[in-house]
Amino acid sequence: MILTVIVASLAVYSWKILGYLVPERFITDRFRDFAERVTVSLLAAMVMIQGFTVTGAVVVDARLPALLVAALLLWWRAPYILVVIAGAAVAAGLRALGF
Amino acid sequence: MNKQVLSTSLSVGIATGLYGVSFGAIGVAAGLDVLSVMILSLFMFSGGSQFAFVGVLAAGGAPITAITSAWLMGIRNSFYALRLTSVVGPRGLMKLLAAQLSIDESNAVSAAQETRRDQKTGFWLTGIAVFVFWNIATLVGALAGNLMGSVEQWGLDAAAAAAFLGLLWPRLKDSWQLALLGAIAAIATTPFLPAGIPILVAAAVALIPLGGKK
């Protein structure tokens, strides 16, 4: 497991260091555009996986209202920290109430 | 030093630390030992990649799938790094350090500053603040994970989802169609595909030309 973790860490680091080593002129606009887009689709996928799945199954639970409250706070331009805390608090609160 | 930059950097660091607790607890719950969880926070140090990695393992996915998901999730850091290399201008070994700190939060705070000097300060302060809080929080989450009961009881799973939503939010204005498609691709394929693959399907969705960008 340690080996998998180290390989994965190096793989992620390779992207970071690449940006400092590759001359900018070698990066095409198309590739830059794809990186922007892949960031959006991956973050959206992470919201869904983290918000609505449990070990490979789709599950809707207290995380749904937590995300709705988070979205409302983001809409109101609340600070990031408040959004994260509210997400936890809503889900924890609802579960404590038995939902 | 600009106080506004300092306070922004610290508050982003603390917020990120909060869901670092979530990462530590989720990592241990996924079956990783504390050392592995800490290696991820110290050396992988990219929230999206870390959650993707443990998420795949927790769902019973293969190690190679976990590595690939984390790797693909980290591609955006390369583009932050490309921007930051001209802003921060690190030399020699400082490049290695600057690269490690080139993540969503440090790039976002840096990009939000007006002067070149504040952009540079914002990058370093936020990068260091997030690194310190994220790692302390991961350790707390990993050690307390078993004591404090389930991740769900404390809403830490929801906190992580909300944190991703917070990172996605500023990009929704320009690319909501793409985000919607990525979200649908991930959730619709989850019941049918092995763990980690839905993330790759969502990545492939980025190849489809749509949305009103540029």
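Which helix of chain A has the lowest mean pLDDT, and which the highest? I started there, since this is a predicted model. Helix α2 of chain A (residues 29-52) comes out lowest, with a mean of 84. Helix α3 of chain A (residues 63-75) comes out highest, with 97. For chain A as a whole I noted an average pLDDT of 90, and 99% of its residues score at least 70.

**Entry: annotated spans**

Next I looked up the UniProt record, an unreviewed entry. Its "transmembrane region" annotation covers residues 38-60 and 67-94 of chain A. I then checked what the model shows in each. Residues 38-60 of chain A are 65% helix and 17% strand, with 26 Å between the end C-alpha atoms. Residues 67-94 of chain A are 86% helix and 0% strand, and here the end C-alpha atoms lie 13 Å apart.

**Entry: domains**

How is chain A divided by the domain assignment? I found domain 1 at residues 1-57 and domain 2 at residues 60-99. The C-alpha centres of these two domains of chain A are 26 Å apart.

**Entry: the partner chain**

Then I turned to chain B. I read off 81 residues of chain B in contact with 63 residues of chain A. Several helices of chain B give two or more residues to this side, among them α1 (3-29), α5 (75-88) and α10 (197-205). Which element gives the most? That is α9(B), with 24 residues. Last, I sorted the residues on the side of chain B that touches chain A: 57 are nonpolar, 19 polar and five charged.

Technical notes. Residues are numbered from 1 along each chain as its sequence is written. Chains are lettered from A and ligands numbered from 1 in the order in which they are written. This is a predicted model: local features need pLDDT of at least 70, side-chain atom pairs count only at pLDDT 80 or more; totals for chains, interfaces and linings use all residues. pLDDT is the predictor's confidence in each residue, from 0 to 100. Helices (H or I, at least four residues) and strands (E, at least two) are DSSP runs, numbered from the N terminus. UniProt positions are given in the numbering used here, feature names are shortened, and annotations may be inferred rather than shown by experiment. Two residues are in contact if their C-beta atoms, placed from the backbone, lie within 7 Å. Ala, Val, Leu, Ile, Met, Phe, Trp, Tyr, Cys and Pro count as nonpolar, Asp, Glu, Lys and Arg as charged, and the others, Gly among them, as polar. Domain bounds come from an automatic or database domain assignment.
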